[in-house]
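Trainee: I've got a model open and I'd like to learn how to read it. Can we go through it feature by feature?

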Amino acid sequence: MNKKIGFIGLGIMGKPMCRNLLKAGYVLYVYDIVQASVDEITASGANACASISEVAENCNIIITMLPNSPQVKEVVMGKGGIIENASKGTLVVDMSSIAPLASKECEAALKEAGMRMIDAPVSGGEPKAIEGTLSIMCGGEQSDFDEAKPLFEVMGGSSVLTGAIGSGNMTKLANQIIVAVNIAAMGEALTLAVKAGVDPELVFNAIRGGLAGSTVLEAKVPMVLDRNFKPGFKIDLHIKDLKNVVETANELKSPIFLTTQVLQMMQVLSGEGEGGNDHGGIARFYEKLAGIEIC
Ligand code: NAD
């Protein structure tokens, strides 16, 4: 496989993903609008690029790890972007969490220019990005997935092709709905237990092995009991994902009652300055209304 890889977007996630690719022997050409981030990864052995065109000149596989749909559209379709500068046949592997419709839009424009794209958002956060054990949810053509698979094996613990372009981000949105609603249910339930005078830790210990038990509870109940809301995954980032759920569901006329309610809880918390807290802090919404603290 071609060992020269472009990487655009060197944030919390992009940096450790780059480091793992460098360790695995890939030659990276990296770009970010923040020069300090480029310098940091260059110090780890990557080649610094001053523009997207410089990345595209050197590589025909380009990974993007950007905040949201507008940034991915800008990098792919905007002035000075990938379409203007990359050669025909280039494969864009977008690992950002964006709206599935935006993935489809970018892929259609790339295809018209003779280029290819798969969407490949991740779950697992910074710790798993560092470990190289991300879960990678992909959408696109089988042959393009197969071409990117060796890269996924370096950055991730699993990678699954879930369908056509946009399916990876659709899967990620499904993940984000289930996690958000689970955390809210945890907050609602533990607040009620505390109001009733029952010890929340004992409630957790009693139910964790039954049907109500979940990975979400295992991760988030101990944080709430320790009053530890250090992120992890920030409420503001989860708001971004749930807004993408709303956009997608509106387009498809699909019902999303629970998502919209939890999104409102998160928006209230963000408005009160808690958007930087871990999303386990959704429980704070119930605590504030009930006038108690779970622990
Ligand atoms: P981040 O904000 O730390 O990094 C994004 C990077 O993109 C920044 O370095 C920024 O300077 C760069 N950037 C923005 N616009 C650019 C442009 N036009 N050209 C070049 N670079 C540009 O975000 P992150 O936490 O690394 O997340 C990246 C993506 O991964 C997001 O979609 C996020 O939702 C998703 N994600 C994050 C986590 C997490 O725990 N942080 C977990 C799973 C998925």
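Trainee: Leaving aside its neighbours within four places in sequence, which residues is phenylalanine 152 in contact with?

Mentor: Ground rules to start with. This is a predicted model, where local features need pLDDT of at least 70, side-chain atom pairs count only at pLDDT 80 or more, and totals for chains, interfaces and linings use all residues. Residues are numbered from 1 along each chain as its sequence is written, and side-chain values use heavy atoms, with hydrogens and water left out. Contact means heavy atoms within 4.5 Å. On that basis, phenylalanine 152 touches Val93, Met95, Ile118, Ala120, Ile136, Cys138, Phe145 and Ser159.

Trainee: Which residues have the most contacts inside the largest nonpolar core?

Mentor: The general idea: in soluble globular proteins, nonpolar side chains tend to be buried together. A nonpolar core here is a set of buried Ala, Val, Leu, Ile, Met, Phe, Trp, Tyr and Cys residues joined through side-chain atoms within 4.5 Å. Buried is under 20% relative accessible area, exposed over 50%, and partly exposed in between (1.4 Å probe, protein chains only). The largest core has 32 residues, and Val93, Met95 and Phe152 have the most contacts inside it. Helix α8 (142-155) is among the elements that supply at least two residues each, and α8 gives the most, with 5 residues. A second, separate core of 31 residues includes Ile256, Leu269, Ile282 and Tyr286.

Trainee: What is the strand order in the open sheet?

Mentor: Helices (H or I, at least four residues) and strands (E, at least two) are DSSP runs, numbered from the N terminus. Two strands pair if DSSP finds at least two bridges between them. The open sheet has 6 strands in the order β3-β2-β1-β4-β5-β6, with parallel pairing. β3 and β6 stand at the edges with a single partner strand each, so one side of each has no neighbour in the sheet.

Trainee: Why is β2 largely enclosed?

Mentor: Because 4 of the 5 residues of β2 (residues 27-31) are buried, the rest of the structure largely encloses this strand. β1 (residues 4-8) runs parallel to β2, joined by 5 bridges, and isoleucine 8 has tyrosine 31 as its bridge partner in β2.

Trainee: What is the handedness of the crossover from β1 to β2?

Mentor: Point the strands away from you: if the path from the first strand over the helix to the second runs clockwise, the crossover is right-handed. The chain goes from β1 through helix α1 (residues 14-23) to β2, and this β-α-β crossover is right-handed. β2, helix α2 (residues 35-43) and β3 also make a right-handed β-α-β unit.
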